[in-house]
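Please keep the sequence and the model at hand while reading the points.

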Amino acid sequence: MASEEEDGPLVGRADLLTQIHSDLRNAGPGGTSAVFVTGESGVGKSRLLRETARAMRDAGFSVLSGTCLDIGDASPLHPVLQALRQSGHSGRAVAADAGDLLDRVSRDLHAVAGEQRLLLVLDDLQWADRSTRQLLLYLLAGLSDVKIAVLAAVRAEALQGAHPLRKVLAELRRLRSVRVVDLAPLDRDQTVELVTAVAGDTVEPEDADRVYKRSGGNPFVAEELARDLRDGRVELSDTLREIFLSRVDELPPNAHAVVHAIAAGVEPTEHAVLARVVPLAEAELIEAVRVAVAHRFVASAEDGYRLRHRLVAEVLAAEVLPAEAAALHRRFAEALEEGDSGPDHARLSHHWQQAGEPARALPSVVAAARSAEALYGFTEAHRYWSSALELTTDEAPERTELLAHAAESAHQCGEHLRALSRLDELALRADAPGGCDLHLRRARYLAAAGRTATAEQEYERALSSPDCSLRQRASAAAYLAELLLHLGRYADANARAQEALEMAEVNGSTADLVRASAALGFSAAFREDPDAGLAVIRHAVEIAERSGHPDELGVAYLHLAELLTGPLNSIEEGVLVARRGAERLASLGAGRTYQTRLLAIAAKGLFRVGQWSEADAVLDDAMRHRPSGADAVELLLSRCQLWVGFGDVDAAHRDLDAVATLLAGGGARHVLPMLTLRAGLAMWQARHAEARAAVQRGLTETRSDDLVLIGVLAWHGLRAEAEAHAAGQPVDPGALRRLKVSVERMAAGVGNAAAPVRATIDGYLDLCAAELSRAEGRHEPDLWARAVQAWDRRRQPYPAAYSRLRQAEAALQRRSRRAAATTALREAYATAIAMGAQPFRNEIVSVAQRHRVALADDVPTVPMPAPSPALDSSDELGMLTLREREVLAAVAEGLTNREIGERLFISERTVGVHVGHIFDKLQVRTRVQASRVYLTAA
Amino acid sequence: MTQSVWGPAQQEMADLLGNHPDDVPGVVEQLRELQAILTRVPPLLGENPLCDFNKLYLTITEGVLERLYAGKFKDPAFLSRLDVEFAARYFDALRAWAGAGSSPRCPQVWTALFTRIPGPDCRPLPSACAGVNAHINFDLPFALVTTFDHLGRDPIDDSDQHHDYLEINEIFAESIPGLRRGYLEKWQLLIDMMNGCLDDWWQGEAIEYTRNVAWRNAQKLWGVRHDMAATDRERTSLDNTAAGVNKLLLSPLGAFLQ
């Protein structure tokens, strides 16, 4: 009784199917691919999914299929967990945090796939819950080990308005590995072909034409109308509704009941459940199902029954009397409660609510809320708590507790407005929590909503409310100090933190103590009393060490590392602290998120001090913790910064694509760093227009108070214009004017910045001034000399070396101070070599050759006639990046990964990654084979 | 389905709408190219009502871009996203337009304007207003919801985002009087000199009023955005209301506006 065999002919989709197969097979740089099929109901999306799934399975893919539910309150990750359960894999997820959950699910997916590539098919994606959408982005960004292809269908109707998928698809369709296919209705000829295929060649042309007009080319409707033609039924009705209703009416009563029952159920409806819902004897029921299947209303599969098309359910829903519907839902709910498969709270609550039995629905709604929270599906949990509130009246005693949950879950899923209004309602209850508790919670919600002024007032109110316990007071003061710090009111923050620390030492929890210490430490550092601040935070680390609690340790180490690498600019020590903190947590086997964040700080610090190979190794380590969400974005951006520096264009593009995939789900604050990297990468490739566009877009999205971000961006923009000028291409006067305005804005605002921030901004101002002189054809060595000094003082070798290069170039162009210029160029060269900054090195070499400066013994002083290997793409090695060729050359010499790493200043692990890519690209499996390809080509 | 609603500009239109701009400069560029194409749609060419709206919209979006570059907004990331989301809905409506009676996915409110592209001719000002009505009363609330959802923030009164959103009223106020003067014919000049200020004020008020309504509607939609059935109902009702206004604007009665 498998439904697939009863599918009608597939018309007009052959080319599309081939296209989809090849899109899915061609994984993008991240090893993933996706096709989203959109189209109206009945246009044949599900059919296309089935056909593709079958073909891909034959092509050696492992296939998992799931369907999203339209009951509004599906449980988190429903379609994926359902698909896993069906394939006999766990599908019961228990995890330590939201990131861990994604990791566990992807491990299950990995287990299903084994060595094969995995195709995940998701139908009705418009009903997917937020957690499922996040999982999808996580998988497509290549953050799991699963080599996954995703094929999903979305109803076009749902994408109108403000559906969250709209934005996601708009962002994803820009990626090379994602295709959004809009499935159009059939045209006239195709419809006639379909009609003939179903009803035979004897169909009159005008009849076929009428089918086209009535169906509008919708294959589902056209096929049904064609069947009528074949069976000699005269169809007078014009609307979809009438077409199907007349057909339902022809069913015998028992089959009629079965169709109505399945339409009311949550698909798939298991036979055992159906048997309890439809009061028929076993034999009669089976007969009735058989008839419903024969009349093409119902499809039967291993896991239960479904309507052949949800369109039918929608038509039927409008026809059933409310009392009938309620009775059906009640029977479903009772049947599910009697069932022995363990309670499915989401389904139960759906049926009880539809049955109009709020009191009976409440327990399952609450249970569903709790299990959603266990899966970190806070959005879903919030929806359940909200429906629980709708099911209770003001008199109900449990309402107070429900309100508290609803407020907290709203806060956790970012619905701050809702959280605040729930809290207001909670405050009105007779048995409401105490005033201090309410003020504290309101303050937290307000701060999260960005309403800092009101949040501050609420903390003050909490502190002054009479029922405030000593512990609460310590906590409120610590939070308030943290808030003031974020607002940049360092003196106030300092005073408040002092107070909080005193209270917390006597009565507070370790968490409050750590929070207060951090606020005190940072405010002291920003007030130019760094030693005092450092001492306090070191003390906080000691306290956390004594408590041994992973969260407290994580927070304390994070604060110390951030203070050192940030305002204090003691990067080496900060890196050390961050790595030690990560090791400490690893030894406890806990605090995975903190380990990731600590390693991210270490990697950023290492990048700044020019230890790029070490940064690479640390990032490798951090990525192995399988980060997700914002943490993953941060790490990918840091890694991409390295690829841009190393000149590994492919890897940089891969990580930028992964970042864009994750940002499709939200995350505006990471857009600017992404644009900056895009501009930096485009510049090394001499694509000035691309670099310019990225910077100009960034300028429209920067807040005027983000001075450091503006600094980096403006420098990139001016550099792009200068590079264009140097390459003999026109400078964009509009872009230049806007960049100057940004620099002026920066210069005007720098006085208000805290001292440590000021030093960084000044460095960028120097770079901008010098770069502007280059773009305007003046190229003044003195301006570059200033930039050299500024970055030497900040002890950041990369911008310092870059400034040295330009200083030397400017001097050489003016034919002045050649000896000093030569020294500067050689210093810059040494730095570039030590960091492994390939494109930067090339730039130095080309400047040196232009002016016939000898950089080192092994660098020719004039350009060699041989073309640079990266430009030569005719041979087999053409698809390798510059870096990969270097690695391959070393492999061919017979060096081990460790030896290669030492030679190229990269970690052993990175060498392994490069070797993997080389094998993939050359389609070889061993080092010997790879060496042979290299030696033949060379 | 393959019927050509854009005449000789059909292919160019399809190619242009194949782009999905993702930043404000990109939106301005797309509107500018669209303007060039629209003036070639027969039989009214540059006189067609969509041209009138597109021209106004281009002017306004250029104003937004200038202010973004000048750092006039409190939350530029929000405003950039909003501008892109807002424009995307206009481009979507154009993409869905395949002629009267065969564009099930084109909102009613846009259909009312698009059906008038081949004529009969209507006055430029009511045409531009009909476009503004469709865009603000129907598209804007959804664009707001998508933007807030994406940024992970709520639509809160008196927030930075609300401030920026209201700032756009200024741009409308600046754009409309200038645009009007461009349309004046000689005999209207007299009337305009007599009550021009009053008229401009009325225009400005109308947009400010509808734009605040859009903010309120967005807040309402925000509350039900996870409930797809409720969102659908809201969408249909907004579409119907706005479409009603458009039919009025484009009727002979609308000519009184001019």
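1. The model is predicted. The comments that follow should be read with that in mind.

2. How many residues of chain A are in contact with chain B? On the chain A side there are 35 residues, and they meet 34 residues of chain B. Five helices of chain A each supply at least two residues of this side: α6 (156-159), α7 (164-172), α21 (416-427), α35 (688-701) and α37 (733-749). Of the contributors, α35(A) gives the most, with five residues.

3. In chain A, helix α23 (residues 452-464) and helix α24 (residues 470-486) have axes that come within 9 Å and cross at roughly 160°. Because angles over 145 degrees count as roughly antiparallel, α23(A) is roughly antiparallel to α24(A). Their crossing is left-handed. From α23(A), the residues A:Thr452, A:Ala455, A:Glu456, A:Tyr459, A:Ala462 and A:Leu463 take part, and they meet A:Arg473, A:Ala476, A:Ala477, A:Tyr479, A:Leu480 and A:Leu483 of α24(A). This contact comprises nine nonpolar residues, one polar and two charged.

4. A second pair in chain A consists of helix α29 (residues 571-588) and helix α30 (residues 592-608), whose axes lie 8 Å apart at an angle of about 155°. The two helices α29(A) and α30(A) are therefore roughly antiparallel, and their crossing is left-handed. Residues of α29(A) in the contact include A:Ile571, A:Gly574, A:Val575 and A:Ala578, while those of α30(A) include A:Tyr594, A:Gln595, A:Leu598 and A:Leu599. The contact of α29(A) with α30(A) divides into 12 nonpolar residues, four polar and two charged.

5. Which residues have the most contacts inside the largest nonpolar core? They are A:Ala481 and A:Leu825, in a core of 346 residues. Helix α6 (residues 124-151) of chain B gives the most to this core, with 14 residues. Leaving aside residues up to four places away in sequence, A:Leu825 touches A:Leu805, A:Ala808, A:Ile844, A:Val847, A:Ala848, A:Val853 and A:Leu855.

6. A second, separate core has 15 residues, among them A:Leu877, A:Leu904, A:Ile906 and A:Ala930. As general background, nonpolar side chains in soluble globular proteins tend to be buried together.

Note on methods. Residues are numbered from 1 along each chain as its sequence is written. Chains are lettered from A and ligands numbered from 1 in the order in which they are written. This is a predicted model: local features need pLDDT of at least 70, side-chain atom pairs count only at pLDDT 80 or more; totals for chains, interfaces and linings use all residues. Axes are lines fitted to C-alpha atoms, for helices over the stretch in contact, and angles run from 0 to 180 degrees between N-to-C directions. Helices (H or I, at least four residues) and strands (E, at least two) are DSSP runs, numbered from the N terminus. Angles under 35 degrees count as roughly parallel, over 145 as roughly antiparallel, 65 to 115 as roughly perpendicular and the rest as oblique. A crossing is left-handed if the near helix is turned anticlockwise from the far one by less than a right angle, and right-handed if clockwise. Two residues are in contact if their C-beta atoms, placed from the backbone, lie within 7 Å. Ala, Val, Leu, Ile, Met, Phe, Trp, Tyr, Cys and Pro count as nonpolar, Asp, Glu, Lys and Arg as charged, and the others, Gly among them, as polar. A nonpolar core is a set of buried Ala, Val, Leu, Ile, Met, Phe, Trp, Tyr and Cys residues joined through C-beta atoms within 7 Å. A residue is buried if 20 or more other C-beta atoms lie within 10 Å of its own, exposed if 12 or fewer, and partly exposed in between; C-beta atoms are placed from the backbone.
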